[in-house]
Amino acid sequence: MISSKDISVVIQGALGGQDAIESVASVRAALPDAEVILSTWVGSSVPADLPVQHLVTSVDPGARPMNRREKIQNNTNRQLVSTLAGLKMATRRYSLKMRTDFRLRHAGFAQDFGRFSVRQSRFVRYRQRIVIPHYATRFVESARPYPFHPSDIALFGLTEDVLAHFDAPLLQEADWTWSVDHGICDDMVDRAALAARYAPEQHFFLNSLRAAHHDIPMQHYCDASGQIPFLSRNYIANNFVVVSMQDFGLKTSKAALQSAIQRDVANCYSPALYAAEYRLWCDPQADRTLAEMVASRLARRPRYREKMRKHMALAADHKDRLLQRDTGSFAHGHRMAADALSAFYYFIRAAL
């Protein structure tokens, strides 16, 4: 088991409300002997006597809209600046990078480090696999194919590997609207379309791979042509360990983000799917569990899988409202049962 004495924690991002106090307190509770580094922006209101070893402030490089329809901001440059500024202060063998709007419940991520040992050298970028949560780790064969898209919410691994993952240049002026300028997708029609060439997660991983002379012919964020799905699946299987948000130890302080996590599971790796991918691409001689075989089969039927996961998320939401004794309890109970049955129906359609 990795001791907290060997871990540096970089908490990066903007500070809002009680973010700094609550994030640092959660890390101190889960990792009492860790080196804690808060990396934020010049001019931020940082509470006095915050129990961190290092406070790093950088000039905010700014952000641009992710696309024309939504108010979500593309934070690629912000993540790069604040994450690298914090990681460069890290002195421990291992580093955990997390955002200021998340809390650490426990150190489950450390238990998964090194759990999958077999690798195919052709697809190896980092000395050891980096542990990441399942949310935003997108599976390329899903209904929305986003290749080379490992989660950037939190990462745990060797400090040198986490640094290498963010070995990427800042976006320049032409990069912010590359996909729009090149007619990749009409984001007035497709709500998921991006304005930039790559999503932030793709920008980090692709540039890290290319810096180590891995030739990845992916031209834009939804380019799933030719060998790209095969390459994406192999590089993720060989360089990451994907665990659930709960097992990683993360929780968010934002209700809207928690809802998004529940809704978007259909496009993301599950722990069972990751384990099946590991067996397929890295250790084909190992026996697969029933859960891994089912997850692998579901992955080949993205339409049914997406519907199943959607109804599972809706059922979970109605269950939460029912437990909170929200108004309309009878209706929530009825809808929970209906969504659970629908999820089961699509599970059978996808699995058989």
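User: Hi! Which residue does R64 form a salt bridge with, and how far apart are the closest N and O atoms?
Analyst: R64 pairs with E173, and their closest N and O atoms are 2.8 Å apart. A salt bridge here is a side-chain nitrogen of Lys or Arg within 4 Å of a carboxyl oxygen of Asp or Glu. Please keep in mind that this is a predicted model: local features need pLDDT of at least 70, side-chain atom pairs count only at pLDDT 80 or more, and totals for chains, interfaces and linings use all residues. Residues are numbered from 1 along each chain as its sequence is written, and side-chain values use heavy atoms, with hydrogens and water left out.

User: Where do R64 and E173 lie?
Analyst: R64 is in strand β4, while E173 is in the loop between α4 (159-165) and α5 (178-181), so this bridge ties together parts 109 residues apart in sequence. Helices (H or I, at least four residues) and strands (E, at least two) are DSSP runs, numbered from the N terminus.

User: Is E173 buried or exposed?
Analyst: E173 counts as exposed, at 55% relative accessibility, whereas R64 is partly exposed at 30%. Buried means under 20% relative accessible area, exposed over 50%, and partly exposed in between (1.4 Å probe, protein chains only).

User: How many salt bridges does the structure hold?
Analyst: The structure holds nine. One of them joins the side chains of D60 and R78, at 2.9 Å from N to O. D60 sits in the loop between β3 (54-58) and β4 (64-65), and R78 in helix α2 (residues 76-87), 18 residues apart. Both are partly exposed: D60 has a relative accessible area of 34% and R78 one of 29%.

User: And what about E141, which side chain does it meet?
Analyst: E141 meets R233 in a salt bridge, 3.6 Å from N to O. E141 lies in the loop between β8 (130-133) and β9 (154-158) and R233 in helix α7 (residues 228-239), so parts 92 residues apart in sequence are tied together. R233 is buried at 15% relative accessible area, while E141 is partly exposed at 32%.

User: Switching to aromatics: how many pairs are there?
Analyst: There are 17 aromatic pairs. The rings of F109 and F248 have centres 5.3 Å apart and planes at 35°, so that pair is tilted. Rings of Phe, Tyr and Trp (its six-membered ring) pair if their centres lie within 6.5 Å; planes under 30 degrees apart count as stacked, over 60 as edge-to-face and the rest as tilted.

User: Where are F109 and F248?
Analyst: F109 is in helix α3 and F248 in helix α8 (residues 245-248), 139 residues apart. Both F109 and F248 are buried. F148 and Y235 form a tilted pair as well, 5.9 Å centre to centre with 45° between the planes.

User: Which residues form the aromatic cluster?
Analyst: F123, Y126, F148, F205, F230, Y235, F240 and W281 form one cluster. Among them, F148 is buried at 0% relative accessibility, and Y235 is buried at 5%.

User: Which ring does the charged end of R197 sit over?
Analyst: R197 sits over the ring of W178, 4.2 Å from its centre. R138 lies over the face of Y146, at 5.4 Å from the ring centre. The criterion is NZ of Lys or CZ of Arg within 6 Å of the ring centre and within 35 degrees of the ring normal.

User: Last one: how many helices and strands are in the chain?
Analyst: The chain has 13 helices and eleven strands, and 51% of its 352 residues count as buried.
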